[in-house]
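Biologist: Please take a close look at the strand pairing in this structure. Then set it beside the helix contacts and loops.

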Amino acid sequence: MPGKLKAKIVAGRHLPVMDRASDLTDAFVEVKFGNTTFKTDVCHKSLNPQWNSEWFKFEVDDEDLQDEPLQVTVLDHDTYSANDAIGKVYIDIDPLLCSEAASVISGWFPIYDTIHGIRGEINVLVKVELFNDLNRFRQSSCGVKFFCTASIPRCYRAVLVHGFVEELVVNEDPEYQWIDRIRTPRASNEARQRLISLMSGELQRKIGLKVLEMGGNAVVGYLQCFDLEGESGLVVRAIGTACTLDKLSSGSAPNTNTHMHPSTAPASNACNSPSKDGKDVSVHEFLHIRPVFGEDMTSTSGPPTPFRALPTTSSSLPPFSPSKPCSRQSSSSDTDLSLTPKTGMGSGGSVGKEAGPLKTLLRQQTQTALEQREFPFFTLTSFPPGFLVHVGGVVSARSVKLLDRIHNPDEPETRDAWWEEIRQEIKSHGKALGCHAVVGYSESTSICEEVCILSASGTAAILNPRYMREGCLDIGITDHRFEEPSPPSCGFCHIPYDELNMPFPAQLTYCYLCRRQKVPDVLFTTINLPAEAAVTGKGCLIQARLCRLKKKAQGEVNATAISNLLPFMEYELHTQLMNKLKLRSMNALFGLHIQISVGENMLLGLASATGVYLAALPPPGGIQIAGKTPGDLSAEHHILTIQKRINDTIAKNKELYQINPPELTEEVLGSPVPDSRQRSRLFRSHSESSDEVSELDLSHGKKDAFVLEIDDTDAVEDIHSLLTDAPTPTGFYSCNTEIMPGIYNWTSGVQMFTSVRVFRLSNANLTNQGLNKIFTDLCENLLKSFYFKLRSMIPCCLCQLNFTVAVPEEELIQVTVTAVAMTFDKDQNQEMTADKPPAKGGNETEEQLQFPLELCADPSSANCQPASKASGVPECSNFSSIDRCSTWLELLRLKAHTIRRGSVKTISSLERSSPLPEGRSRSLRSNRSFGGISVTVVKMTPLSFLPGTRIIKYLGIINMFFIRETTSLREEGGVSGFLHTFIAEVFSMVRAHVAALGGNAVVSYSMKECMLMENPNKNQAQCLINVSGDAVICVRETDQEPTPSTASI
Amino acid sequence: MTMELDVFVGNTTIMDEEVYQLWLDGYTVNDAVRVRMDGGVMEECEASADVLLSDTMDQYRTFQMCERLLHSPSKLGNQLLFQIPPHRQAMLIERYYTFDDGFVREVLGKKLSKGTKKDLDDIGAKTGVTLKSCRRQFDNFKRVFKVVEELKGPLVENIHHHFLLSDKLARDYAAIVFFANNRFETGKRKLQYLTFQDFAFCAGQLISNWTVGAVDNMVEDMDVDLDKEFLQDLKELKVLINDKDLLDQHKSLVCTALRGKTNNLNEMETNFKNLSRGLVNIAAKLTNAKDVRDLFIDLVEKFIEPCRSDRWTSADVRLYLTHYNNSVHLLDTFKHQVVWNRYMDVVKSSINILHVRLDESEGLSCFMEKKKSQRWGSCSSCRSPHSLAPGQTGGGLRDLFWAPTQPGRQQPVGRTHRSGRRRSIRKKDSLIAARGGLPHL
């Protein structure tokens, strides 16, 4: 499809004065696309020129259309000397290539100069005419839609989810070319900006091609990153999930996820999960997981993946190809592949060891596109109800590589092979957890000089293939059912693995909601909390922070040192997370993101997650302190004091987060279904905790609590640091997931912000402990600062708190945070009662229905009543199937990765969860929210939605890269002034582009990179920022609109 | 924990009004932090000094970045760098252009030149306004002056349009520009008891009656320069004192009208010729630039002081002037009624306000001394009505912008004179009444 690109330059305003003599400017504009350039007339002596140019037409192939940005340069005409550049605007025309996105770009764009920042604005009009071309061998992929949103976009319906797509392109970094020695900083910055823009375009086009080959039409959860490797090049890489999406008509738009619903019924049948309380939590099983960390590469590549998506184009075929039998088979055959703990990982392996596997991988790479899809990974973090059956836990892999060992740096092969290795490892970890897929998958790097840490993580899960099939076939039914309340999930935590052969030591109990399936005592995941999950109380942000000093070194020595440190860091972070989780009396983590950043003389580790109390999981035991030296009175006294403080904190936290699961009595437990009761009795009789059934979970002082041993000063420090986390001030909540569990009635107040802090370590000989303290304070102070600044929004919640740490120079620690503060209505009860009526009316779920009604009358009487379904069990049998056993044996080795300090015992007390009608109450909120959206205002949010509004159109992806440099740092207010201006400029350019596309909001916004280099002595600084998001049009949710049931997906 | 770098940028620019005021008042970051700590914001939000410092720095940086835009407020509305809701923009502008009455009183009528700027530190010390704030205010006056100077059309409206200020503030700026342009003397000891608002009121009168704009509304500088022709015509009024018959006739008409309405009839009668001569002479001399500058001193010396020595009350003065003015219309031989009206409208209301103010300070023997060090607080005269204005009108630049066309507002120009002027006088009266109750000295 070649096309015709047309651009028109209308006018400029607020131009800078370029001619000192007249205090005016003689401005003209160059419009460049590819190699063609047009110029406007010079508009003499005006700071607000009106060019009103003709239409400049570029006839180009679509390949170029996808790769190239339209480049608009504003210049000052100078009769005698060279014309001075005022600044540029790069316009990504990709959104115009898709019929469903924007049709015209028209608006005021800030004119940006890499040295001076924004200098005035220019009004540009751009259109594209595409011609049809049925060439089979085309290189372009126009029309494939891209979404940063890591869920099915709101006004679409997923017909098929094809699976993982990835691509990587490499180029020489202009900063490191010889020519950089002689060109101006401006020229070099612009070359870099342009190159990255081109590479992003190319990357997107290539991924689009892969999607088309798979038969898809969209990529969701598109995650693009760039690695500045320095001498060895500049890498732009991206991953995403290929899908076939159907646009919903505007009428049905709010019901985006409707079609997913039918699956809920089958799913619940399958696992016999009883509905708990009447919330619209749907019944899916979820597997629990404990993190499995792997830091070394397994180099073997497995047999063709079980999970491959079929390249189906017809929707009548089973959409979701991974099938159970297949997976089982492969898991056994894969056994040998996975998880043999390697010694000498990392650096050593990075080059030498690779030779063999590399070939294999290269061969594979050149194979067909089918081969490419051998990874059953999904970058999605939220799912349609029913999609997720079980969750196994977090899987992650890291690898240390040396960049100067890349054989031919200009080619992507080496990096491809590196990532391939990591993905293989992730896949095998997933298998080890009895799961056939990895969801919430992401990849990242940290580079310091020639050392590069590649990381990948995700959540092992079992997805529901049936679900997709039915959803596809039974659209009619779906829509019909959509109106009904989905049956409550009995929790989503049932283990996917065999309890006799657990991959790691875990305390299993029967699910606290259905009493039928086993659940683990804690659950860690990288995904968002499923909307249907039953949660008690509110959640909160939990962070583990860690600094580790390392010796400065070069090459392999350095890489080895780093890779030796990694497992310890992971372990420490995990321990911290676990302790903090217990301290808050919670039992699950969502949105877990662990970042390890490498500097010359230290490693920084930051793990962030949102802790919640899942009603299905057992209540966490307390933390008990044990001294090593009994008999020492003073020590014992000390321990007692600490113990008391811990107990107090736990009690306080329970109150703060409203975690008060009422005790579940035996009678209540007694379910209408005798069979299930029997089972649960049985369980209790041999369960360790049986005698404590009726106890309140206030017993954290008990012996069987989580034990922390104080055996040295480090341990004391650790415990102290546990207690130093300041609680969030009243009126605030914080989480790093999309929405806060336990808050449903968002109002329309939204404030997205970015904050950056850099701390210079003054003391040269710091200890690990000292560093930890500094790092912790840095993060804590940042949070406090947010609470203070946003105090006018109370009550409000900081959502999607995304921390990024870096060590830009030897003694600097940089923390970058992007998040959104959203207001909510404190008075929730009303909403909840208001919610109830719509909850009635499922025809086939009558049994479950009574619970919501009951809750309505008296929430405290709610309990879990296992619903027995005659139908049912196929999936169950899958999960318990023995053919996994062989794998499990292997997996026992994994224990090594998950040892914890102290022993863990759960104090189990039965409880029922409080009513939490998540989706439903959120839908009601639309009635009362009055989110005003004015035309000129562009809202930005890292979430996939804006509260109180409905997205009616996705206009295309925003992916922008900017460089800013200054040689007058002091004059611009120092490095803070410089960065403050730059970030404000970036925001304004994003808003301008969105507005020009006709949008009024950016969702799923993220700042991928904020790389700051400063040299105060030379009065210089340079900063690179990469941001992305989805431009959308959203409208206020209106009162008459049908209740959108699933706002959060 | 001192940071090498510490920034916080919101998609919607976050601004704290309290910090903004501290910034405008010229506080340094550290002083501002101290003030905020004393204000108790810390206890309120469980913040620490570090947090407060970081927040203050952020805000100060934001304000500095915004300052460039505030210099031409219309840019603030269509710039893209900061996303600021309209009502906030209005607040930013209004506050930025708000001035201290004490400060403006010192520079009122002075040339807005570099020379005056050099004296700002003295003025600052005298008025208790920080030098930084003085500079901002002075630069604001200068900027408005420069922009308005070259524009056609009504002064207040121009200021309104170009600086997006509230009606009240635009009016004040018009007064400042008007005074600066005509260099009225306001600094003399005898005038010290007058506040800026008193002069602003007089300026409003002068603008709507004596300028070119009062007769022609599309001339350059129409509201800034006095109408030369009119000043020339004023010479004709001399007949009122030079023609003996006319003078006697006038006197007897006034006395007849006053009979029974005042206790001071005798003094009025004896002083009539003296006072009348004073007023007419002032009128006749106005062709002289020097005498224009001394207008207010002359009014005080030639009229107010004689009245005071006879212990006239403000009511007496008002009564006397009303009849003094009206009686002229009954003089058949006097042909310059129009000019007379145009002259007397201003003089009457100005003298009224000047006298009322003096009256208020009655009984305070040392009022002159005290006046010097006192300035009107922000409470009564200026600041609070300004800052309230946007909120009251429901916010939004549009409201402010279009306000002048709304009925019921005082018109800056002389076309709708009567009703408009009366309204404003009445308003003034109530204000005065309110002030009378304040223990302001």
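Modeller: Start with the pairing rule: two strands pair if DSSP finds at least two bridges between them. Helices (H or I, at least four residues) and strands (E, at least two) are DSSP runs, numbered from the N terminus. The model is predicted, so local features need pLDDT of at least 70, side-chain atom pairs count only at pLDDT 80 or more, and totals for chains, interfaces and linings use all residues. Residues are numbered from 1 along each chain as its sequence is written, chains are lettered from A and ligands numbered from 1 in the order written, and side-chain values use heavy atoms, leaving out hydrogens and water.

Take strand E14 (residues 388-402) of chain A. Its partner is strand E16 (residues 451-463) of chain A, with antiparallel pairing over 13 bridges. Val391(A) faces Ala461(A) across this pairing, the latter in E16(A). How buried is E14(A)? 15 of its 15 residues are buried, so the rest of the structure largely encloses the strand. Buried means under 20% relative accessible area, exposed over 50%, and partly exposed in between (1.4 Å probe, protein chains only).

Now an open sheet elsewhere in chain A. It has four strands in the order E9-E11-E12-E10, and the pairing is mixed. Strand E9 (145-146) and strand E10 (156-171) are the edges, each pairing on one side only. Strand E11 (residues 218-230) and strand E12 (residues 233-247) of chain A pair antiparallel over ten bridges. Phe226(A) has Val236(A) of E12(A) as its bridge partner. Helix H2 (residues 185-214) of chain A packs on this sheet and touches E9, E10, E11 and E12; its direction makes about 135 degrees with that of E10(A). Helix H8 (residues 413-432) of chain A packs there too, touching E10, E11 and E12, and its direction also makes about 135 degrees with that of E10(A). Contact means heavy atoms within 4.5 Å. Axes are lines fitted to C-alpha atoms, for helices over the stretch in contact, and angles run from 0 to 180 degrees between N-to-C directions.

How do the chains compare in make-up? Chain A has 23 helices and 32 strands, while chain B has 25 helices and one strand. Of the 1049 residues in chain A, 67% are buried. Chain B has 441 residues, 55% of them buried. In chain A, 81% of contacts with a separation of 6 or more link residues 24 or more positions apart. For chain B, the share joining residues at least 24 apart is 74% of contacts between residues at least 6 apart.

Chain B shows its packing through helices. Helix H13 (residues 196-210) and helix H21 (residues 337-360) of chain B pack at about 175 degrees, their axes 9 Å apart. They are therefore roughly antiparallel. By class, their contact has nine nonpolar, four polar and four charged residues. Members include Phe201(B) and Trp210(B) of H13(B), with Tyr343(B) and Ile353(B) among those of H21(B).

A second pair crosses in chain B. The axes of helix H1 (residues 17-24) and helix H4 (residues 49-70) of chain B come within 10 Å and cross at roughly 65 degrees. H1(B) and H4(B) are therefore roughly perpendicular. Here angles under 35 degrees count as roughly parallel, over 145 as roughly antiparallel, 65 to 115 as roughly perpendicular, and the rest as oblique.

Last, the loops. A cis peptide bond, with omega about 0 degrees, joins Ile794(A) and Pro795(A). Pro795(A) sits in the loop between helix H16 (768-789) and strand E27 (796-806) of chain A. Most residues other than glycine have a negative phi, and most peptide bonds are trans. His14(A) has a positive phi, near 55 degrees. Its loop runs between strand E1 (3-13) and strand E2 (27-33) of chain A. At 19% relative accessibility, His14(A) counts as buried. Ser585(A) also has a positive phi, near 60 degrees. Its loop lies between helix H11 (555-583) and strand E21 (588-598) of chain A. Ser585(A) is buried, at 3% relative accessible area. In chain B, Ser113(B) lies in the loop between helix H7 (101-107) and helix H8 (114-118). Ser113(B) is partly exposed, at 23%. Its C-alpha atom is 10.0 Å from that of Asp139(B), 26 residues apart along the chain.

Terms used. Nonpolar A, V, L, I, M, F, W, Y, C, P; charged D, E, K, R; others polar.
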